Amino acid sequence: MEPSGPSERREESPLVQAFFEKRETLLLFLAARTRSMVEAEDLIQDLYLKIAAADASEVRTPAALLYRMAANLAVDHIRSARRASGRDARWRLETRATLGGEDVVPGPAADETIAERQRARLLAEAVADLPPQMGRAFRLNKLEGLTQAKTAEAMGISQKMVEHHIQAAIRKLAERLRP
């Protein structure tokens, strides 16, 4: 009979193992799509909860599945945010307050706006400081959403080279933006 209880460690699925290996790159992937490190952190947690509960015993390419799941989470999040924004805009039109003929609309706190702009500026500077080919591959694939095949075609290089550039860019960005 095998021991059971708190001291026994359950073997992690290949998907969970791949998640921990790719966590930083997945985080940057989500940050590029949502344009917010805070939202990316939330989505990475959601992704972990999904894969931890999933039966991934027959997954052949865990990394590909992780990126597909992350992309789907980002799309769902962006759609949800757009719906909420539309709802909020309609609500503001119906309930807006005016002062002297001008709309009075509460906005985000000034310190939050400044912090968000600073994070965006740091990311933009980090991407701009990448070597030219690496930066172009990263921007085309991660920021403009081209597939690696389309990125390779646009740059006139192999898809494997695009993959190499993107991985190297993500490593450099993670090192530079790490708190």
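Is Arg35 buried or exposed? Keep that in mind as you open the structure, which is a predicted model.

**Stop one: Arg35**

Select Arg35. It sits in the loop between α1 and α2 (37–53). Arg35 counts as exposed, because its relative accessibility is 66% and the cut-off for exposed is over 50%. Now look at the backbone here. The phi of Arg35 is positive, about 60°, although Arg35 is not a glycine.

**Stop two: Phe19 and Phe20**

Next, select Phe19 and Phe20. A pair of aromatic rings is described by the distance of the centres and the angle of the planes. The structure has four aromatic pairs by the rule used here. Phe19 and Phe20 make one of them: their ring centres are 5.3 Å apart and their planes stand at 75°, so the pair is edge-to-face.

How exposed is each ring's residue? Phe19 is buried, with a relative accessible area of 3%. Phe20 is partly exposed, at 44% relative accessibility.

**Stop three: Tyr48**

Phe20 belongs to helix α1 and Tyr48 to helix α2, so the pair ties together parts that are 28 residues apart in sequence. Tyr48 counts as partly exposed, at 30% relative accessibility.

Now show Phe19, Phe20 and Tyr48 together. Ring pairs link these residues into a cluster.

**Stop four: the cavity**

How many cavities of 30 Å³ or more does a search of the whole structure find? The search finds one. The space in the largest cavity comes to about 50 Å³.

To find the place, select Leu28, Ala31, Ala32, Leu123, Val127, Phe138 and Leu143, which line the largest cavity. Colour them by element of structure. Helices α1 (14–34), α4 (110–128) and α5 (132–143) are the elements that each give two or more residues to this lining. Which element gives the largest share? That is α1, with three residues.

Finally, colour the lining by residue class. Seven residues are nonpolar, and there are no polar and no charged residues.

**Before you close the viewer**

Go back along α1. Phe20 lies in this helix, and α1 also gives the largest share of the cavity lining. Then step into the loop between α1 and α2, where Arg35 lies.

Terms used. Residues are numbered from 1 along each chain as its sequence is written. This is a predicted model: local features need pLDDT of at least 70, side-chain atom pairs count only at pLDDT 80 or more; totals for chains, interfaces and linings use all residues. Side-chain values use heavy atoms; hydrogens and water are left out. On a 1 Å grid over the protein atoms alone, a cavity is a set of points where a 1.4 Å probe fits but cannot get out, and a pocket is an open set with protein on both sides within 12 Å along at least five of seven lines; lining residues have an atom within 4 Å of a point. Grid points are joined across faces, edges and corners, and a volume is the space filled by probe spheres set on the points. Helices (H or I, at least four residues) and strands (E, at least two) are DSSP runs, numbered from the N terminus. Ala, Val, Leu, Ile, Met, Phe, Trp, Tyr, Cys and Pro count as nonpolar, Asp, Glu, Lys and Arg as charged, and the others, Gly among them, as polar. Buried means under 20% relative accessible area, exposed over 50%, partly exposed in between (1.4 Å probe, protein chains only). Rings of Phe, Tyr and Trp (its six-membered ring) pair if their centres lie within 6.5 Å; planes under 30 degrees apart count as stacked, over 60 as edge-to-face and the rest as tilted.
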